[in-house]
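Please open the structure in your viewer and keep the selection panel at hand.

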Amino acid sequence: MREAVTILLPVVLPALAGILLLAAKEPERKGVITWYTGAVLVATAVLVAVCVVSVNVPVTFFYLLDQVPVCFAPDHMGKVFALVVTLVWVPAGFFSFSYLKGGKKQKRFYGFYLIVYGILNALNFAGNLVTFYVFYELMTLLSMPLVLHEQTREAVMAGLKYLFYSFCGAYMALFGLYVVWHHSGTFVFTERGTLDPSLVSGNEGILLLAACFLLLGFSVKAGMFPMHGWLPVAHPVAPAPASAVLSGLIVKGGVLGMIRVIFYTFGADFLRGSWVQTLFLTLALITVFMGSMLAYLEKGLKKRLAYSTVSQVSYILFGLFLLAPAGLTGSLLHVIFHACIKSCLFLCAGAVIRQTGKQCVDELTGIGKEMPVTMWCFAICSLALIGIPPASGFISKWYLCVGAFDAGIPVVSWLGPVVLLVSALLTAGYLLPIVIRGFFPGQDYDYAVCKRREGSAFLVVPVVLLAAIALVGGMVTGGLTGYLSDLAGQLL
Amino acid sequence: MNPVMIMTMSPAMLLVAILLPILGGIILMALPFRKRRHMEIYLETIVIITSVLVWLILIGRPAEGVPVVKFVNNLSLSLRLDGCGMVFSGLVATLWPLAMLYAFEYMEHERHEKIFYLFYTMTYGVTLGISFAEDMLTMYFFYELLTLTTMPLVLHTLTREAILAARKYLYYSLGGAAFAFIGLVFLMVYGTTVDFTLGGVLTPETTGDKTNVLLLIYVIAFLGFGVKAAICPFNSWLPQAGVAPTPVTALLHAVAVVKAGAFAIIRLTYYAFGTKFLAGTWAQNVVMGIVIFTIVYGCSRAVKETHIKRRLAYSTISNLSYILFGVTIMTPAGLVGALCHLVFHAVIKICAFFCAGAVIHQTKKEYVYELDGMGKKLPCVFGAFTVSSLALMGVPGLCGFVSKWYLADAAVSGGSVMMYVGVGALLVSALLTAIYMLTIVIRVFFVEAHDKKMDTYRDPNWQMLLPLAVFLAAMLVFGLHPAPIVSLFRDIAAGSL
């Protein structure tokens with residue numbers, strides 16, 4: 001009972017608070033909404049921490065279908081994801097207080113922002129595949145208002161695109177779900193898989209097909225080629241804090257889904273050496289390269305970052321499909337680091353857009369003189385994303401490459417690292433020029449027009465905080481890496 | 001259970017339940033009502049009494065049948081209530097009083113109100129007749145009667161459009177019934193009995209070497225009944241019949257009439273020809289193929305359609321074929337899925353139609369693109385519409401997910417390639433459903449309004465909102481706690497009820 005309450009609180013509190021906010025009348029003083037939201041965010045963060053520390057047993061709530069309960073089971077994997085979500089969601093929330101100030105429909109934004117926080121917590125704690133699926137669909141539906149917040153025609157179309165791609169993915173996953181149910185009789189997440197060997201023999205073909213559909217379905221959220229089309233459209237049109245969490249965290253919902261499918265439902269042994277593994281390794285590598293290339297060619301700042309997400313999340317997926325301990329460790333590290341780095345980059349971009357109105361990369365000459373703190377953070381995160389030591393991205397990419405060699409898959413074992421490195425080069429190509437021109441505008445730059453445009457503390461502190469994590473994460477990773485290696489070892 | 005609590009009803013009450021609304025409707029014409037209010041009270045009383053009676057019959061179900069008219073030999077009109085009939089009659093009995101309440105508000109400004117209510121009430125009795133029918137002949141009788149009593153309702157507005165729609169409805173339905181009649185004749189000749197028997201009435205001794213002929217006849221009869229269930233290519237009457245007032249489209253063309261078609265096919269497949277005879281034959285593949293095609297076809301047309309009611313009608317076409325897909329799996333699990341969707345889709349679609357009707361009634365807007373930004377002005381109506389959209393898509397926690405689950409589960413257990421294709425069709429259709437329903441929802445809530453009269457629009461009164469609330473509650477309850485109703489369906493499919 002105590003566990004049930006502890007685990008429900010971080011889900012129910014923000015969700016209820018959000019619903020309450022949506023239902024309430026528009027208050028006369030806008031400040032009330034931000035205070036309320038801030039308080040709920042902090043309280044939820046504390047509750048998540050408490051839950052992570054104190055709950056270790058599965059909690060079953062009710063039966064959605066006969067034999068299929070809605071149940072929460074915070075295991076190590078779920079806890080890692082839950083902490084990452086909290087680490088980013090709360091700072092991005094505080095950032096939005098300043099970012100959205102004076103904007104329309106703040107109440108609706110904060111309402112859905114809080115609800116989705118609760119849903120994500122539930123998603124991370126989900127103890128079986130159906131529970132996961134329930135909250136996965138809810139996440140899609142309820143994060144949609146964040147995407148089309150601006151209500152321009154472009155934003156609405158992007159929202160629709162987001163929705164329909166996501167549902168397409170969800171229904172593909174559902175197909176897999178039906179088949180898995182028939183061949184395992186349980187959905188409970190179990191390390192190394194839950195398939196019933198007596199039901200599996202003779203049905204490997206259809207099960208692999210089911211695995212393929214499940215993974216393809218979840219890969220939509222993770223923005224993997226060929227289902228990435230929505231991501232560069234939907235992420236940039238959202239307000240910056242929403243883009244940050246969409247790109248940093250919501251995509252990780254898809255990653256978690258794939259982890260749950262590979263390691264907790266089918267088991268790595270079932271997939272190792274199959275055509276599914278080959279297919280997804282190939283798709284992931286294509287996406288890594290394609291995303292970077294498109295980002296390199298893109299001129300819009302936020303859109304460039306969105307393409308970068310397409311590429312970077314597929315680093316993670318590549319690591320998963322190696323089905324090797326080092327690869328999985330690298331993936332999990334990259335989940336954490338990419339969440340911080342990419343949210344920070346989006347928040348920086350948001351701060352720049354809000355303070356200067358400049359949306360295009362070419363306009364950003366001299367921005368480092370105007371907003372030094374923000375751009376320093378941007379620079380740090382760029383380095384981290386490229387993977388230059390000692391910043392954090394280096395560690396995760398190191399493990400990914402080691403994993404690729406360890407896995408010993410023909411071609412992939414050398415092609416993988418090559419693609420990752422080429423993509424890193426491209427990452428440098430699309431991020432560093434912004435930084436360089438920002439700080440070194442050249443002789444043509446008119447210093448007379450330059451003035452300090454740094455925003456309020458709400459615009460700066462969250463950015464600094466996330467950048468600090470991105471930097472320090474690469475230096476003091478001993479404990480974290482050890483923990484994640486152990487976790488990976490248990491699954492493989 | 002305590003035997004004292006349950007008073008077994010006399011079988012004659014079946015006949016009473018059918019005649020009460022039919023006679024009540026006819027008497028309505030003779031009664032001079034000074035106030036509209038009195039007529040409303042009279043009608044609602046008749047309908048509620050009938051529904052209560054039906055529910056009492058369901059609880060204390062008479063084991064015996066009651067012969068009504070005896071023709072020659074073993075041919076008779078006779079009534080008996082079995083498990084499958086319980087589901088349909090229980091569904092109808094629950095929805096009719098609510099639809100009546102809604103109709104009072106909706107029809108307030110329409111002409112020929114009395115004639116409308118005459119047929120609307122009579123149809124109730126006829127629909128009960130279909131669900132109470134003991135044998136094929138009785139069902140056929142009420143089935144034809146249903147066409148005749150509902151035709152005037154389509155005709156109601158007497159516009160050219162309505163006349164054309166009514167004529168089409170009549171031809172399609174009567175034509176379909178004629179095909180079904182062929183099936184009836186063959187069943188009489190080759191069956192051991194004409195009464196509905198779970199598992200079928202054909203035995204190897206009676207069929208002899210006529211297996212293929214009988215399979216052909218099954219397909220013909222399936223298509224015949226399939227006209228009312230709007231399978232492709234016999235579906236075009238349904239969207240066109242949307243010219244009828246919304247209470248008719250909602251209750252009859254989303255539930256009573258079309259579900260009567262699906263119900264008849266359940267009878268034909270599970271209770272007359274029998275799954276043992278049909279399963280694994282070419283006939284199964286043919287009908288399943290048609291049904292799978294219809295699932296996708298209906299949805300695709302719905303995406304293209306901009307008239308709200310017609311869009312929902314196309315959606316109905318697709319969803320009816322979900323039910324029929326369950327039927328054509330031809331296993332008890334398939335029947336469970338079919339019955340689930342029969343009930344759940346009824347609740348979802350009647351809710352969606354009532355919302356659409358409320359919008360038309362309050363704002364006179366009939367097209368999707370006219371709805372921009374209306375969510376603020378009619379929050380209750382569009383809130384209900386949103387929930388029913390989600391339920392129709394099959395978002396977990398609402399009832400659509402449950403029925404889709406059992407349908408897919410049955411199909412995967414069946415294991416043939418065709419069934420896997422069917423599951424794929426269900427999911428493609430779910431995606432298309434998301435597209436055609438959620439575009440409306442997003443328009444309504446997230447697009448700025450540009451209608452000058454926007455400020456004058458508001459939610460309708462309680463008579464329209466109460467049914468919506470009941471349906472919402474039903475969607476949630478069935479979605480979150482489906483175990484009782486599913487185990488009921490299991491018992492029915494296993495023949496123990």
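Is A:Arg2 buried or exposed? Select A:Arg2: the residue is exposed, with a relative accessible area of 54%, where exposed means over 50%, buried under 20% and partly exposed in between, using a 1.4 Å probe and protein chains only. A:Glu3 and A:Arg2 form a salt bridge whose closest N and O atoms are 3.6 Å apart; the term denotes a side-chain nitrogen of Lys or Arg within 4 Å of a carboxyl oxygen of Asp or Glu.

Before continuing, note that this is a predicted model, in which local features need pLDDT of at least 70 and side-chain atom pairs count only at pLDDT 80 or more, while totals for chains, interfaces and linings use all residues. Residues are numbered from 1 along each chain as its sequence is written, chains are lettered from A and ligands numbered from 1 in the order in which they are written, and side-chain values use heavy atoms, with hydrogens and water left out.

Next, select A:Asp75 and A:Arg260. Their salt bridge brings the closest N and O atoms to 2.8 Å. A:Asp75 lies in the loop between β2 (68-72) and α3 (76-99) of chain A, and A:Arg260 in helix α10 (residues 240-266) of chain A, so the pair ties together parts that are 185 residues apart in sequence. A:Asp75 is partly exposed, with a relative accessible area of 21%, whereas A:Arg260 is buried at 0%.

Now display the whole of chain A. Chain A has 20 helices and two strands; these are DSSP runs numbered from the N terminus, with helices (H or I) of at least four residues and strands (E) of at least two. Of the 492 residues of chain A, 64% count as buried. Along its principal axes, the C-alpha trace of chain A spans about 75 × 55 × 45 Å. Residues 24 or more positions apart account for 82% of the contacts in chain A with a separation of 6 or more, a contact being heavy atoms within 4.5 Å.

Move to chain B and select B:Glu305 with B:Arg310. Their side chains meet in a salt bridge at 3.4 Å, N to O. B:Glu305 is buried, with a relative accessible area of 15%, and B:Arg310 is partly exposed at 25%.

Finally, select B:Arg36, B:Arg37, B:Glu40 and B:Glu113, which are linked in a network of salt bridges. Over all chains, the structure holds 13 salt bridges.
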